[in-house]
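Hi,

Here is the structure I promised to pass on.

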Amino acid sequence: MITTSDLTKVYDKTVVVDHVSVSLPDAGVTSVIGANGAGKSTLLSMISRILDADAGLVAVDGLDVFNAPSREIAKRLSILRQETHMTARITVREVVEFGRYPHSRGRLTAECVHKVDEAIAYCDLGEFEQRGIHELSGGQRQRAFIAMVLAQDTRYVLLDEPLNNLDMPHATSVMKLLRRLADDHGKSIVLVLHDINYASVYSDRIVAMKDGVIAADGPPESVMNADTLESIYGMRFSVIDLDGDRIAAYFR
Amino acid sequence: MRRPSVLIGALSLLAIGAAALFLTWGVDGHWDFALPRRAQQVAALVVVGTAIAVSTVIFQTITRNRILTPSIMGFDALYVLLATSVVFFLGSATAAAIPPLTMFLIRACLLMVAATLLFRLVLGNGKRGLYTLVLVGVIAGTFFSSLTSFMFRVMDPNEYDSLLSTLFASFNAIDTTLLGIATVLLALGIGAAYWLGPQLDVLTLGRDRAVALGINYQRTLTMLLLVIALLVSVSTALVGPISFLGLLVANLAYQLTRTYRHAVNLTVAALLAVLALIAGQALLQHVLHFNGTLSAIINLVGGVYFILLLVKESRK
């Protein structure tokens, strides 16, 4: 379990994340939603120790992420963030191999090779394996980095807006892949999403943030209703039931 | 895909060939005079080339760009400033009493402390843009050299004189008294660089991914900056500042290897630097009969290349 207690981040007197205490489960898909600037990405960055907290604690399976050896955390928790430009020539397979670094420190064992093969197959990257990461389309590159996170083989997988810049087929295939990962491998997937309908359809739990605090937290049935959504986003929604999924429309 | 071992083998042969040529060219029978002298020169060029290449590749990985080098960011200007300050504040009498070896070690230690503190601050959490870094580097470099020339001006002429002889080494006046200790420090630096190789590989992915993969970023950055400062001390002490050699060989190495692996890139860049220095020095001495212009030529070629890279980068 990941638990945060009174986690706080302040930028120039603006409180971005305000005393957030939340527990994230050992398995399943948890989506974090909320308007721009609600503190979703900041929360995820602090949980994964990429960003230092100004106050509060994060514990992953009882380990304090800010003080425990980084490598021990990296064996339990992985994070995928919005991609940044890379100048080096790296092939898809090499990217995925980096996921094994916490386990092997650059010397791949037979188990590592097996995990890498598995991750590549899982993300359907076999045909791109030897291609340079810079030659791929946005969707393929995103899958390559997801494969890297898979190869890292951690219980907790955090993803910051993994659907960014993906078209509908690619976005849906990424969500299906994450769902399978939770169902088949019992992993705990925590992701920041902008599309509330993907959150509704694929999550076990939705955590909604507003102005740095948690505004709603529960299964999609309890969060996906017009009043709750309005209180989170400050606009009107109409929520309909579509073959058992709750879909929110917000276009007018 | 190119095989790194073939590339490294070929470059090693070329470097050995260049060294053999340099040692034996036009000796005219005065072997006992020429050979030891030239061997020392070759050794110094090998040490300098390796130090510059390795420090540049490391620096480019931690700043995640292919334009900046320790030299452009003012590391060697800082070395000269620190060396000057030691004489300035201790006085030439005290400074002269310090043996050259101890003096070199003092300067190297000062640079390691100062550069590491300074650049930890400048690099911050690894998210500063390229142009911020270029700007900081240019300003820092100019500031260090201005401070140095200010000290020269207010200094006692005797102190200035004693400094000049040790500070402004060049390819034609390599400070060979320090060759032994420089080689030892180089070995230390290279050992550390290869030991940190896998961490450097992960740092190619950027600070955030490296942290996510379990790298202790601040500690690794500090260690790498210490290695860079050590290597810059070595090369600057032997031949003085050379701005653009590192830039040339590092980029050429990336072109040739087409890999991110530091075990390969560090080796290839070092071999290229050694080859360029020895071949360049041999040509200058024996074909062109020039004196003291190797760094000028390196800076000319490298400077033009630097501008080309900047222009290319700004078009992206």
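The model is predicted, so local features need pLDDT of at least 70 and side-chain atom pairs count only at pLDDT 80 or more, while totals for chains, interfaces and linings use all residues. Residues are numbered from 1 along each chain as its sequence is written, with chains lettered from A and ligands numbered from 1 in the order in which they are written.

Chain A has ten helices and twelve strands (DSSP runs numbered from the N terminus: H or I of at least four residues, E of at least two). Its radius of gyration, over C-alpha atoms, is 18 Å, close to the 18 Å from the globule rule (2.2 Å times the number of residues to the power 0.38) for 252 residues, so chain A is as compact as a globular protein of that length. Of those 252 residues, 42% are buried (20 or more other C-beta atoms within 10 Å of a residue's own, C-beta atoms being placed from the backbone).

In chain B, the axes of helix 2 (residues 31–63) and helix 11 (residues 217–239) come within 9 Å and cross at roughly 150 degrees; axes are lines fitted to C-alpha atoms over the stretch in contact, with angles from 0 to 180 degrees between N-to-C directions. That makes helix 2 of chain B roughly antiparallel (over 145 degrees) to helix 11 of chain B.

Best wishes

Technical notes
Angles under 35 degrees count as roughly parallel, over 145 as roughly antiparallel, 65 to 115 as roughly perpendicular and the rest as oblique. A residue is buried if 20 or more other C-beta atoms lie within 10 Å of its own, exposed if 12 or fewer, and partly exposed in between; C-beta atoms are placed from the backbone.
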